[in-house]
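The following note sets out points for a colleague who is reading the model alongside the sequence. Each point takes up one feature and may be checked against the display below.

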Amino acid sequence: MTSIGIHDLTVSTAHHVIDLAELAEAGGVDPAKFRVGLGQDRMSVPAADEDIVTMGAAAALPLLERHGTEGIRTVLFATESGVDQSKSAGLFVHELLGLPRTMRVVEFKQACYAATAALQSALGIVARNPGERVLVIASDVARYELDSPGEPTQGAGAVAMLVTADPALLAIEPVSGVAARDVDDFWRPNDSTTAVVDGRLSLTAYLGALTTAWDDFAARGGVEVAEIDRFCFHQPFTKMARKALKGLAQHTGADLKDSLQEETFPYNRELGNTYTASLYSGLASLLDHDDTLAGKRIGLFSYGSGAVGEFFTGIVQPGYQSLRRRDAVEAELDGRVPLTLAEYRELHSAEHPSDTDWETPRVTQGPFRFTGIRRQARQYEVRQA
Ligand code: CAA
């Protein structure tokens, strides 16, 4: 059977950045708690004129510039931080990118896991019609209450993936292990812009979903743990991935060292939590930083609070290095504009009810802008060259 998987993937983030050392000092916290204890250095913060749509479109643009739109008949948009209760954020992106009218567009939701559901659906669509390609976009703004324990684990970013037959980056193997259990570890009521979280419970729910998914993976004929060359976990903060690898080692009795996942951390230490995008920005980081992956098997674990998990594997394709974008990702990260803590707090607390027309200030320099709300509908524009 033809292999199917991720042909290419791109990462994009928000305009602003907060240094967590500054946040720690302002809160009277030892900066090492965030840097070492959570494994995070900075977090991206969106400007008033950007959101999951502008980040998602900005992530997808270079993918389409490189590979064209031919054969793309489906856009799957995964997010926790949706901008509308009804309309898919993918439709705004579809318009901004000028994609063909003959297109299936939908939004997926299940906390941080939704991009994996989108990826699995894309694999199914391509399996049925190998000539088709599917654009999967994961884009999120992670927001917790100011001065809460979750605050230093905020972040923002998007990953776009092109899913095709005979992929150039990662051929996804067919066996997958899944887990689901109704648990109130993290959720966001319809009228809240910040997540409600039981931090301690969220850690145990994550680790429980991992072992359940792993056991299901093994029961369904998945490879032995020793046959996996690298691990890439969902990273709400990068220390969580260290806890996950340790948990898997204890569960399987294998000796799994952090060197098997170290290269998945650099982008997420900078971005912060990007919810649905986090697993895949970890994958992008690994592919961009490790030269020795051709033919190697990566084990991926996707977690979504509430709570679900999925463990699956993929084989890195020869020549993957030619698709790297490390310079572009680092340039975008380095180019973020720092906010003062006062500016950040003001942006965080700003409220814009959907029944009031308003125009966003012009802040960002990216290819797409969120321009405001008119007659209760969100408005976007493509930046003119
Ligand atoms: N130097 C070095 N390390 C330090 C330190 C110091 N001075 N002070 C504390 N630490 C360490 C602690 O020992 C601890 O490490 P271990 O867990 O390895 O023991 C770490 O820093 C964090 O310290 P605390 O546990 O005291 O931190 P906290 O209670 O203030 O908050 C948290 C931690 C619960 C994760 C909180 O950040 C939070 O609620 N985050 C949001 C929820 C979350 O991300 N959950 C993850 C699983 S859910 C998921 O994955 C879905 C998702 O994306 C949200």
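1. Helices and strands are named here from DSSP runs, with helices (H or I) of at least four residues and strands (E) of at least two, numbered from the N terminus. The model is predicted: local features need pLDDT of at least 70 and side-chain atom pairs count only at pLDDT 80 or more, whereas totals for chains, interfaces and linings use all residues. Residues are numbered from 1 along each chain as its sequence is written, and side-chain values use heavy atoms, with hydrogens and water left out.

2. Gln376, with a phi of about 70°, lies in the loop between β16 (368-374) and β17 (377-382). Gln376 counts as exposed, at 55% relative accessibility; the classes are buried for under 20% relative accessible area, exposed for over 50%, and partly exposed in between (1.4 Å probe, protein chains only). Ala111 has a positive phi of about 45° and is placed in the loop between β5 (104-108) and α5. Ala111 is buried, its relative accessible area being 10%.

3. The peptide bond that joins Gly306 and Ala307 is cis, with omega about 5°. Ala307 belongs to the loop between β12 (297-304) and β13 (308-316). A reader inspecting the backbone may wish to view this loop together with the residues of point 2.

4. The protein is divided into domain 1 (4-169 + 324-382) and domain 2 (171-318), with bounds that come from an automatic or database domain assignment. The C-alpha centres of the two domains are 19 Å apart. Across the boundary, 59 residues of domain 1 are in contact with 48 residues of domain 2, where contact means heavy atoms within 4.5 Å.

5. Which residues have the most contacts inside the largest nonpolar core? They are Leu9, Tyr280 and Leu283, in a core of 47 residues. Helix α5 (residues 114-128) gives the most to this core, contributing nine residues. At least three residues of the core come from each of domain 1 and domain 2. A nonpolar core is here a set of buried Ala, Val, Leu, Ile, Met, Phe, Trp, Tyr and Cys residues joined through side-chain atoms within 4.5 Å. In soluble globular proteins, nonpolar side chains tend to be buried together.

6. Leu283 touches Ile6, Leu9, Leu170, Cys232, Ile298 and Leu300, when residues up to four places away in sequence are not counted. There is also a second, separate core, which has 40 residues and includes Ile18, Leu203, Val223 and Leu245.

7. How do helices α3 and α4 pack? The axes of α3 (residues 52-67) and α4 (residues 89-96) come within 9 Å and cross at roughly 50°. Axes are lines fitted to C-alpha atoms, for helices over the stretch in contact, and angles run from 0 to 180 degrees between N-to-C directions. The two helices are therefore oblique to each other; angles under 35 degrees count as roughly parallel, over 145 as roughly antiparallel, 65 to 115 as roughly perpendicular and the rest as oblique. Ile52, Val53 and Ala57 of α3 make the contact with Ala89, Phe92, Val93 and Leu96 of α4.

8. His94 is also in helix α4. His94 is buried, at a relative accessible area of 7%. Beyond its neighbours within four places in sequence, His94 is in contact with Leu99, Pro100, Arg101, Met103 and Val105.

9. Is Asp290 buried or exposed? Asp290 counts as buried, at 8% relative accessibility, and is located in the loop between α9 (278-289) and β12. Asp290 touches Arg230, Glu263, Tyr320 and Arg324, with residues up to four places away in sequence left out.

10. Arg369, in strand β16, counts as buried at 4% relative accessibility. Its contacts, apart from neighbours within four places in sequence, include Asp49, Thr54, Gln379 and Glu381. Arg369 and Ala156 are 213 residues apart in sequence and 16 Å apart in space, C-alpha to C-alpha.

11. Ala165 is in strand β7 (residues 155-165) and counts as buried, at 17% relative accessibility. Neighbours within four places in sequence aside, Ala165 is in contact with Thr2, Ser3, Ile4, Val126 and Pro130.
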